[in-house]
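User: Please take a close look at the metal and ligand sites of this model. Keep it brisk, and give the cut-offs as you go.

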Amino acid sequence: MTEQQGIIVRSTGSWYDVRDQQGNYYKGRLRGKHKLHSEKETNPVAVGDFVSFVMENPDKKTVLITAILPRENYIIRKSPRNTAFKHVIAANIDQAALMVTVALPRTSTGFIDRFLVSAESFRIPVVIFFNKVDILDQGALDYQQELMNIYQKVGYSCLAISALSGYNLQKVREILQGRKTLVAGHSGTGKSTLLNALCPDLHLRTLPVSEFAQKGVHTTTFAEMYEIAPETFVIDTPGIKEFGLYDMENEPISHYFPEMRTCFGLCHYYNCTHVHEPDCEVIRRVQTGQIAMSRYLSYLSMLENEDNRR
Ligand SMILES: Nc1nc2c(ncn2[C@@H]2O[C@H](COP(=O)(O)OP(=O)(O)OP(=O)(O)O)[C@@H](O)[C@H]2O)c(=O)[nH]1
Ligand SMILES: [Mg+2]
Ligand SMILES: [Zn+2]
């Protein structure tokens with residue numbers, strides 16, 4: 001049987017949708033007891049994984065996955081159900097688009113910063129889409145602009161959009177063009193709505209945000225990759241409530257904050273944690289406003305979480 005190469009476009013845990021190099025789709029299963037990347041992963045095969053497979057039943061278009069190729073990168077989080085486990089959201093991506101809304105639902109800076117740190121740890125570029133600008137009042141627009149200033153200054157591209165009205169969607173297309181992009185964010189921020197707007201053939205399910213809770217209702221249940229234009233792949237994902245960092249011990253967290261990374265070597269102590277040490281460049285820059293207070297507070301909360309786990 002000849003082995004072929006493909007990419008996982010959907011993973012439900014028991015079945016995997018595989019796309020071969022010609023663009024044909026198959027239902028795949030893991031062959032036998034497969035060696036996993038790690039025993040602590042809730043999903044051994046993630047969307048974006050490159051795999052080898054052999055045909056099982058050509059009529060039914062089913063295949064057996066024989067190997068998972070090493071991952072170039074991945075976005076990972078603690079499993080919401082069991083925090084000792086990790087859940088790979090997607091692998092081998094070119095960039096991530098973080099869908100943020102300042103209202104309905106409101107995305108916190110803590111959430112944004114955790115996601116950014118996670119992406120930084122694999123040097124995955126992130127663009128931040130600020131969606132639903134069509135419903136924002138002046139106060140909300142001002143707050144959005146404040147956030148955009150903070151993140152642009154750190155080096156992240158930010159774009160105000162409306163998936164509903166179509167505002168700035170041409171720019172979104174340009175950003176996605178020719179790349180493989182993970183779209184992530186809270187439930188109800190409009191990830192699936194955006195993909196429908198870019199590619200109406202998709203017909204993805206979307207649902208209104210609960211007015212009472214001001215939160216999304218978790219409409220998308222599995223991550224799935226779609227080809228929305230030639231060579232342009234987008235991964236729609238289920239909304240994330242909290243983004244638990246996983247496996248961040250190897251390097252200090254401050255290395256994943258670009259604006260803190262540039263302070264490296266400028267603090268009095270070479271191993272400064274930027275918390276209580278004297279003559280700390282990071283603290284100095286927070287005091288002068290060069291580093292945003294919200295970013296620094298996110299940093300402190302991430303340090304605290306790390307300590308709690310030890
Ligand atoms: N006013 C406004 N509403 C939007 C916009 N984008 C999405 N929505 C609405 O927000 C609600 C949630 O949209 P979805 O696309 O289902 O959100 P999602 O991020 O895919 O949510 P999950 O699948 O649960 O993670 C829907 O009622 C959309 O119509 C927008 O730009 N403006
Ligand atoms: Mg969705
Ligand atoms: Zn310092």
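Analyst: The magnesium ion (ligand 2) is coordinated by Ser 192 (OG) and Thr 220 (OG1), at 2.0 to 2.1 Å. Donors here are N, O and S atoms within 2.8 Å of the metal (3.2 Å for Na, K and Ca); water is not among the atoms, so sites may look incomplete. The pair links distant parts of the chain, 28 residues apart. Ser 192 sits in helix 4 (residues 191-198), and Thr 220 in the loop between helix 4 and strand 12 (224-229). Helices (H or I, at least four residues) and strands (E, at least two) are DSSP runs, numbered from the N terminus. Both Ser 192 and Thr 220 are buried, that is, under 20% relative accessible area, with exposed over 50% and partly exposed in between (1.4 Å probe, protein chains only).

The model is predicted: local features need pLDDT of at least 70, side-chain atom pairs count only at pLDDT 80 or more, and totals for chains, interfaces and linings use all residues. Residues are numbered from 1 along each chain as its sequence is written, chains are lettered from A and ligands numbered from 1 in the order in which they are written, and side-chain values use heavy atoms, with hydrogens and water left out.

Ser 192 also meets ligand 1. One of its polar side-chain atoms lies 3.0 Å from an oxygen atom of ligand 1. A polar contact is a pair of N or O atoms within 3.5 Å; within protein, one must be able to donate a hydrogen and the other to accept it, and residues adjacent in sequence count only if both atoms are side-chain atoms. The backbone takes part too. A backbone N or O atom of Gly 239 is 2.9 Å from an oxygen atom of ligand 1. For a polar backbone atom of His 218, the distance to an oxygen atom of ligand 1 is 3.4 Å. Around ligand 1 there are 23 residues (a heavy atom within 4 Å). Among them, Asp 134, Ser 187, Lys 191, Thr 193 and Thr 220 come nearest.

Now the zinc ion (ligand 3). Its protein donors are Cys 267 (SG), Cys 272 (SG), His 274 (ND1) and Cys 280 (SG), lying 2.1 to 2.4 Å from the ion. In sequence these donor residues are spaced C-x4-C-x1-H-x5-C. The four donor atoms make angles of 104 to 115°, and the site is tetrahedral, which for four donors requires all angles between 85 and 135 degrees. Ideal angles for four tetrahedral donors are 109.5 degrees. Cys 267 and His 274 are buried.

Methods
Four donors count as tetrahedral if all angles lie between 85 and 135 degrees; four count as square planar and six as octahedral if opposite donors are over 155 degrees apart and all others between 65 and 115; anything else is irregular.
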